[in-house]
Amino acid sequence: MIDSFRLERVQYVPKILEIGILYVADEFDIAVHRCACGLKVKTPLGPTEWQFTEENGLPTLHPSIGNWQLRCRSHYLITAGKVRWAGQWSEA
Ligand SMILES: [Zn+2]
C-alpha cells in the first residue's frame, strides 16, 4: 500500500510512472499518479476539478480521489504528501 507521495513537476507526463510520485504538469493543468493497484490515475486541475497545492514540496490534492472506475475502487486523500485511505467504494 502507498502511504505517501512526493511531488514531481514535469512539462510532460512521463510514459512510465513511478509509484509514490504525483506528477504535476502545470502547462496542461493535470496531475497524474499511479494507484496502489498500479493503474494510472489522471486528475485534471482547475476551479471545478481538483485543487492542487504544494507546501514545502509536499503535494495536496482536493477533493479525495475515488477510483470507482478502476477495479480496486480505492478512495483516498493526498494531504501534504500523506495518503489517507477513505475506504472502498461500494457497488451501491
Ligand atoms: Zn487502484
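Modeller: One term to start with: two residues are in contact if their C-beta atoms, placed from the backbone, lie within 7 Å. Keep in mind that this is a predicted model.

Biologist: OK. Among contacts between residues at least 6 apart in sequence, what share joins residues at least 24 apart?
Modeller: That share is 27% in this chain.

Biologist: How many helices and strands does the chain have?
Modeller: Zero helices and eight strands. From the N terminus on, the elements read β-β-β-β-β-β-β-β.

Biologist: Which strands form the open sheet, and in what order?
Modeller: Four strands, ordered E1-E2-E3-E4, with mixed pairing. At the edges are E1 (6–10) and E4 (40–44), and each pairs on one side only. From one strand to the next, the twist averages 25°.

Biologist: Are E1 and E2 parallel or antiparallel?
Modeller: Parallel, over five bridges; E2 covers residues 21–25. Glu8 stands opposite Tyr23 in E2.

Biologist: And what do E5 and E6 form?
Modeller: A hairpin, with two residues between the strands. E5 (residues 51–55) and E6 (residues 58–66) run antiparallel, joined by five bridges. Thr53 sits opposite Thr60 in E6.

Biologist: What is the phi of Asn56 in that turn?
Modeller: Positive, about 55°.

Biologist: Switching topic: what radius of gyration does the chain have?
Modeller: It is 12 Å, which agrees with the value near 12 Å for a compact globule of 92 residues. The C-alpha atoms fill a box of roughly 35 × 25 × 25 Å along the principal axes.

Biologist: What percentage of the residues is buried?
Modeller: Buried residues make up 14% of the 92.

Methods
Residues numbered from 1 in each chain as written. Predicted model: local features only at pLDDT ≥ 70, side-chain atom pairs only at ≥ 80, totals over all residues. Pairing = 2+ DSSP bridges. Axes fitted to C-alpha atoms, helices over the stretch in contact; angles between N-to-C directions. Rg over C-alpha atoms; globule rule 2.2 N^0.38 Å. Buried ≥ 20, exposed ≤ 12 C-beta atoms within 10 Å, placed from the backbone.
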